[in-house]
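Thank you all for coming this morning.

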Amino acid sequence: MDNSTPIEATPLRTIKPHPTIIPSPIFDSGIIEAERESGNQDLVDSVLMRFDAVRRRLLQINYAKDVVIPASTICKNQGIKTNTKKRIGEVPGVQVGDIFYNWSEMYLVGLHLQTMAGIDYLRVENGVVGSPVSTSVVTSGHYNDKTEDVNSLIYTGHGGKDKNGQPRDQKLERGNLALVESNKIGNEVRVIRGKEDPDDKNKKIYIYDGLYFVSELWKEKGNTGCEEFKFGLMRKQGQPEGFEIWKSAENLWKHGLSNSRKGFILEDLSYGKEAIPVTLVNEVDENDKSTPPGFEYVISENNSNPMLDCVCVQRNEGKLPYHNNILVCRKPMVYECDFSCKNRVLQSGLKIQMEVFKTSNCGWGLRSWKPIRAGTFICEFSGVNKKKEEVEEDDDYLFDSSRIYNRFKWNYEPELLGEDAWKPVSEVFNLQSQVLISAKDSGNVGRFLNHSCSPNVFWQPTKCGINSESHVRIGFFAMKHIPPLTELTYDYGVSSVEKIGEDERLFKGKKNCLCGSMKCRGSFG
């Protein structure tokens, strides 16, 4: 028995890309050898973003039912990976609480470098060959493991079947031996907890829960009557919350809101206008029951004009922009249908259980009860379309497309899939006029998205219906995988320019930034 083999855990070295996919032989990943061995936050984010972009593209072109292994093999073979050096302790750029939708993602960023077994281990340290020690374990929540406590777990060792698939006693070898040795020397072991995806009961989401110690071990009879190794692991103190936050969110989506919840104010800020209630809480000051002042909650307009023929594919340059309601690529403009076809995401309204909550220093913020996969539609920015001369100076709830935004690459690289490298999908928005939307007096949950210089959400201009003169609408999408109860933020951009010298320009916003990220530019707006 091996308690940690995932559904997609086919060894990467035995998988070859589909013969019709031949990556460019001169492709340059831009990741140098030293960065592949040891990365950082930017590299980890980039690798995960590039892998998921390839995965989404393969789904869009109907490559295969399961595209995880082909996508990961392409990235692995083309050098899109980091932290390939096995190590004990923290992995550069991977944060406690980060979530992963498959083992390939954990492999490509070096969190768990086994593609099949749930116990990863290190045989050589500082050039000295010795007994293997465990570096990380992944638990799937099956078998005889006990994994629901937030500070400890009981992990079942690997093995338990002979070459004919018949039950047998587990042996003290490989990962089991490594965990025994880790118990002796007391080294830190990374723990990744697999939990059921709340939106797909047939799949798992993996939560990195930080560093643990192997505190005890023993043997006992398992369900098959054969002996199993059991390992007790205790969480290292002083780490950020990881699995504990997941458990809190899980309680919310499984059992709903309780009036006894800390900081509870209102069950539904939309007062029934949204299909899913928008909770309001203030955990910063439980005695303050005040609500966001001075605005009317409005939902997005929903076009519904019958047509004789759907032109979605043609208007979106040959491919529908979404796959299973997830955006495949950022584009200069996304076009949605205005009658009942599957190309209606922004118009479908709020589909995620949202919560408006009081932040410690940025007023009200927005977060989700459930995990959000990269590319998922978050919400529209609803409000009043305005002209420049109509905008009030003190409008703190203004979306302005003309501001300067930090650039980032989100789309797949065509050469990875054997496509024409000279025809990438453009990520540059080409708006004919400035888009100004004010949510000061009326808006939806989009008005509560705070600014960050390192955001996890981006905006995408969209037109709905066949009318070319229809106004541009702004949809927000997940830039990367977002753990539950994590604040959702996007880059507000900056509108002021200060010149420095002849060629250098400094962009400075009207407000001081308090996002606290390593890339904070100090201002926004």
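Before anything else, a definition: when I say helix or strand, I mean a DSSP run, of at least four residues (H or I) for a helix and at least two (E) for a strand, numbered from the N terminus. What you see is a predicted model, in which local features need pLDDT of at least 70 and side-chain atom pairs count only at pLDDT 80 or more, while totals for chains, interfaces and linings use all residues. Residues are numbered from 1 along each chain as its sequence is written, and side-chain values use heavy atoms, with hydrogens and water left out.

Let me begin with residues 509–525, which an unreviewed UniProt entry annotates as "domain: Post-SET"; such annotations, given here in our numbering with shortened feature names, may be inferred rather than shown by experiment. In the model this span is 0% helix and 24% strand, and its end C-alpha atoms lie 5 Å apart.

Next, the strands, where two of them count as paired if DSSP finds at least two bridges between them. S17 is joined to S19 (residues 436–438) by two bridges, and Val384 has Ser438 as its bridge partner in S19.

Now, how many residues of strand S23 (residues 473–478) are buried? Taking buried as under 20% relative accessible area, exposed as over 50% and partly exposed as in between (1.4 Å probe, protein chains only), the count is six of six. In a regular strand the side chains alternate between the two faces of the sheet. In S23 both faces are covered, with Arg473, Gly475 and Phe477 on one side and Ile474, Phe476 and Ala478 on the other.

Finally, consider Asn83, which sits in the loop between helix H3 (68–77) and strand S1 (99–100). Why does Asn83 count as buried? It does so because its relative accessibility is 0%. Its side chain makes polar contacts (N or O atoms within 3.5 Å, one able to donate a hydrogen and the other to accept it, with residues adjacent in sequence counting only if both atoms are side-chain atoms): the backbone oxygen of Pro92 is at 2.9 Å, and that of Val109 lies 3.0 Å away.
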